[in-house]
Amino acid sequence: MTNRFKRKKDPLTAEEREAIIKKSSQQVGPGVFNSTIIVVASFLPVFLLTGMEGKLFHPLAWTKTFILLIDAVLAITLTPVLITFFLKGNLKPENANPITRTLEKIYTPILTLCLKWRKTTLLLNIAALAAGFVMLTRLGSEFMPPLDEGSLLFMPVTLPDVSNSEVKRLLQVQDKLIRTVPEVAHVLGKAGRANTATDNSPISMIETIILLKPKNEWREGLTKESIINELNAKMQIPGVTNGWTQPIINRINMLSTGIRTDVGIKVYGQNLDSIYSFAQTIKKHLDGIDGVKDLYVEPITGGKYIDISIKRDEVGRYGLSVDDVNLIIESALGGMKLTTTIEGRQRFSVNARYGQDFRNNLQALKRLQVQTMNFGPIPLEAVADIQLSNGPPMINSENAMLRGTVLFNVRERDLGSTVQEAKMKLDQMLTKLPKGYFLAWSGQWENQIRANRTLKMIIPIVLSIIFMILYFTYHSVKEALVTIITVPFALIGGVFMVYFYGVNLSVAVAVGFIALFGMAVETAMLMTIYLNEAMENMVNKHGNSKATLSPAIIRSFVIEGSAKRLRPKLMTVSVGLFGLIPILWASGVGSDIMRPITIPLIGGTISSTIYVLLITPVIFEMIKERELNRKGKIELIDVKE
């Protein structure tokens, strides 16, 4: 009875167990460490991003890098030590696990079929790769996926000579119309600039923040785009050009590019009238392009000014000086500061000027009284010419040149194709601008071009670094090529999934593909390690010569190396995959950015796993058969060193 409750004796001595653990760690450890370094290296493009995209994704890259580096160190130091403590007693073989047996029963016949029809299998993968490239060319592009802020910013622009009373009336009318939409919770609008030196908005520009109700309170089938379209239809007021954006992205755009819409065309030149004329011509050509919304030209002419020109001869005849007349004009119209009142910590200046009835029209201004020493009071028109004149409502300059802008948003279409079509139309129209005048594209497009330029420059360098790491791991160019060729096939699933989800290419999607590079190479390295181990076992059993080896023997050991270690390969993929899938159903603020990162990762992980499990053994077998036919033996790659 006592023997039944006694613990079975460990069949291995401590020395034997430590030797097995040491051998296994030496086999897998370098591959795990090098694959981690590859994943870290694949994130180099993210570190080199600048601007707002850099600020957004740098924390992600740093976090992942530090976690992976610590993980790599622990994998080759702490993990073997922990295994010596916990891996004791009777150890069951791998095929004793029912999940492993089931997976092998499913996987082995499929792999055998792929090895039997090698050329067909490779052709199918090449066809899938070609289809992926076709889909890639049909994907739209944008700088960043639009982040749903839960609110809208309505930015209409009216005529530059609008009066204070009229713009106030417009603001009230617009707010009432906006409140008629059931999905609107609160509306707050302002006209002109706020009480700050950083807000240089003219009185003709209105900003209205619209807070929306939670989505579960919206009418059935309604989206944010449809709400904007409904509001825009209600806001069709003569003389007013509507603009729709969101509060946060609007401020970011204005601070980073000086453009308050998605895209802007800056027209530089020497004369405001010419700049405005060119801008109007550009607007006519852009009008009607699919996706271009809220198109308008920023007004740089049309402002109204009161010009008071002093008649110097008349001033002298009345015994006055120019300063005497200017003092009257300043105090009557602008107001003269008399004193300052102090209310606690606040200080207010006290100004004095003529009442509204004495200065609200040109005739009243002409009748302003100017006091003289010898002739008594005389009207202002006796010593000055008073008239209305046109001028710029606000002068914009950039790079020491005058600037006008054509502004528009992009909705119901991707940013990249919209701007490309607009550029084609403008290139046909603007074959040659006058000397001293030129155009520049700005806004989100400017950011997109900068990010694309950085990625195109650094990604080839990163792929070269990954290839060098693989070469120093295998000490073989062929093995490094077999592993790194996984990358384009990993992209197939990512492209397919991005295409069918209807996601546009953006910096967020690019970050997802960058993360996919490392994961794909990591899985391929694991497969290559086990296949090379199978080749070592084959040579130890059958020798390494053409006389003792045959294609059938090579195939049997390729199947063994692929199938017998199926569980750790699938575990490597599943851990990352199961952590990513819940993001597809995430909602709320931030999910708009995370989903485009996750979609290519999930699709690419699935396709790269299929490639590694089915295609890598096929290519590996073909390489080994070629080595045997040409050299009379196969090359053994020692990846444990």
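Visitor: Before we look at any helices, what are axes and angles here?
Guide: Axes are lines fitted to C-alpha atoms, for helices over the stretch in contact, and angles run from 0 to 180 degrees between N-to-C directions. The model is predicted, so local features need pLDDT of at least 70 and side-chain atom pairs count only at pLDDT 80 or more, while totals for chains, interfaces and linings use all residues. Residues are numbered from 1 along each chain as its sequence is written, and side-chain values use heavy atoms, with hydrogens and water left out.

Visitor: At what angle do H16 and H17 cross?
Guide: The axes of helix H16 (residues 477–484) and helix H17 (residues 486–501) cross at roughly 5° and come within 5 Å. That makes H16 roughly parallel to H17, a term for angles under 35 degrees.

Visitor: Which residues meet there?
Guide: Val-482, Thr-483 and Ile-484 in H16 are in contact (heavy atoms within 4.5 Å) with Thr-486, Val-487 and Pro-488 in H17.

Visitor: Now the whole chain: how many helices and strands are there?
Guide: The chain has 21 helices and 15 strands; these are DSSP runs, with helices being H or I of at least four residues and strands E of at least two.

Visitor: How far does the C-alpha trace span?
Guide: Its extent along the principal axes is about 130 × 65 × 50 Å.

Visitor: What share of the residues is buried?
Guide: Of the 641 residues in the chain, 43% are buried, meaning under 20% relative accessible area with a 1.4 Å probe, protein chains only.

Methods: Parallel < 35°, antiparallel > 145°, perpendicular 65-115°, else oblique. Buried < 20%, exposed > 50% of the residue type's maximum accessible area, 1.4 Å probe, protein only.
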